[in-house]
Amino acid sequence: MAISLRASHGAVILGAVIGTGFADTLTAAQEGDEEAFTRLWRDGNAALLRYLRVTAPDAAEDIAADTWVHVVRGLPRFRGDEAAWRAWLFTTARRRTIDQARRRTRHAAASIHDVPPADLPVTADSADEALEHLSTRAALAMLADLPVLQAEVILLRVVAGLDTEAVARIVGRSQGAVRVAAHRGLRRLAQNLTDAGVTL
Amino acid sequence: MSDRGVSDYDMPNRTWPPRNDASGIPDASLAAFLESGTPAADTPAALRHVADVLAALQAEPAADEAAGQATAIAEFRNRVGVPKQPARSRWRRPAVLTPPPLLRSRVGAAATAVVVGLGGLAAAAYAGALPASAQLVAHNTIGAPVPKQHDGGATGRHGTPVGPNASGHAAFGLCTAYVHGKEAGSEATKSVAFRALEKAAGGAANVPAYCEGVLHPGASNARHPDGRPDETVKPHPTGKPPHP
């Protein structure tokens with residue numbers, strides 16, 4: 001059974017949502033069009049929050065709001081395509097997170113052990129149903145159980161929709177290190193699912 | 001994997017059974033999975049459940065993920081946004097405070113012209129070459145000579161300026177302006193008025209000596225017959241006077 005990430009919920013999902021209309025949307029927002037900015041915000045904020053709920057679980061909402069304040073200030077001067085926009089958004093979020101981390105200690109808000117069994121994927125022969133039941137919160141909790149870099153890289157690749165090169169710039173590692181972290185994270189995630197009782 | 005003194009060859013060579021888990025997933029499968037979001041046909045079952053997790057990560061935004069919208073838009077309105085109905089209201093800035101770019105450049109050019117022109121104006125004022133009213137203002141502000149009836153500048157037949165009579169009463173003002181202009185390196189010393197001064201002095205090189213005689217009659221030529229300053233005299237133009 002092949003599972004498509006993008007079609008699994010039958011709805012628009014995160015990552016490169018605006019597409020071909022991005023340039024016009026950005027220009028309009030830069031000229032003060034509130035509707036265009038709202039579109040950018042709606043496209044980016046959910047991904048931003050999911051990233052932050054793993055990397056800065058105690059202050060995700062605050063950091064997301066702080067990130068948008070900085071992005072709004074720099075909006076008139078921003079130049080680039082949608083990939084650059086998302087990279088800028090997450091780079092800003094990461095810097096805000098680092099600033100917050102100087103004052104706080106990282107504590108994961110949730111772990112896979114806190115996820116109710118009903119939220120976990122179940123057996124292979126009912127995988128389709130499992131998709132319906134697995135919540136975003138539960139998925140984030142599973143990511144939070146990974147080492148920070150592995151979780152961050154997976155989130156930036158999958159949730160932010162960035163390629164390896166962009167992720168490498170954001171986390172300050174080589175592209176090779178990013179690939180290794182992503183692969184290790186996926187393997188570990190698979191292992192954790194096995195250990196949590198998901199029948200293969 | 002060896003202990004001290006134990007050769008690797010002496011260690012038991014056990015074959016561990018492969019784990020029936022995710023550790024055997026090849027890198028190529030993981031890379032393809034990340035790129036496409038879809039596990040390949042031969043992908044281990046464990047990775048297929050990972051796909052479930054990643055799909056959940058990409059689900060539609062939930063209600064609580066839209067909570068900060070009002071704050072963000074308020075910030076946008078404050079920083080970038082334009083009012084939907086730009087009325088003639090308090091939002092309009094007074095033009096006096098922030099002139100448009102073209103006007104700013106013109107103001108800048110005018111200011112530059114005033115600064116450049118001041119050198120020539122001062123020269124004319126010291127030469128007593130301004131109209132009587134302007135000369136009176138110059139007299140009151142920069143100590144230029146009082147306005148005179150006929151020592152002002154002259155104009156040639158066809159409107160060509162010929163400058164003041166540097167041999168007459170204008171000499172004092174011209175020389176004062178010349179000295180100030182030289183000190184300031186002013187281009188004004190090349191003006192028509194100064195050409196008249198040079199003519200009266202018998203050449204540009206003679207102007208300092210000529211002016212010394214005009215400004216300090218009876219003293220300068222005796223002290224500086226060769227035009228050089230007296231090096232035995234140490235002027236203190238800005239320093240403190242020596243204590244007795």
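1. The residue A:A83 is found in helix α4 of chain A, which covers residues 82-101; helices here are DSSP runs of H or I with at least four residues, numbered from the N terminus. This is a predicted model, in which local features need pLDDT of at least 70 and side-chain atom pairs count only at pLDDT 80 or more, while totals for chains, interfaces and linings use all residues. Residues are numbered from 1 along each chain as its sequence is written, chains are lettered from A and ligands numbered from 1 in the order in which they are written, and side-chain values use heavy atoms, with hydrogens and water left out.

2. How exposed is A:A83? Its relative accessibility is 47%, so A:A83 counts as partly exposed, given that buried means under 20% relative accessible area, exposed means over 50%, and partly exposed lies in between (1.4 Å probe, protein chains only). Although A:A83 and A:L162 are 79 residues apart along the chain, their C-alpha atoms are separated by 6.8 Å.

3. Helix α6 of chain A, residues 136-144, is largely enclosed by the rest of the structure, because eight of its nine residues are buried. Among the buried residues are A:T136, A:L140, A:M142 and A:L143. The buried residues of α6(A) pack against α2 (34-55), α7 (148-158) and α9 (175-195) of chain A, together with α2 (45-57) of chain B, where contact means heavy atoms within 4.5 Å.

4. Side chains of opposite charge can pair when their charged atoms come close. A salt bridge is counted when a side-chain nitrogen of Lys or Arg is within 4 Å of a carboxyl oxygen of Asp or Glu, and by this rule there are 13 salt bridges over all chains. One of them joins the side chains of B:R77 and A:E34, at 2.7 Å from N to O; this pair crosses between chains, from helix α3 (residues 69-79) of chain B to helix α2 of chain A.

5. Within chain A, A:E152 forms a salt bridge with A:R94, their closest N and O atoms being 2.6 Å apart. The pair links distant parts of the chain, with A:E152 in helix α7 and A:R94 in helix α4, 58 residues apart. A:E152 is buried, with a relative accessible area of 6%.

How values were computed. Helix = DSSP H or I, 4+ residues; strand = E, 2+ residues; numbered from the N terminus.
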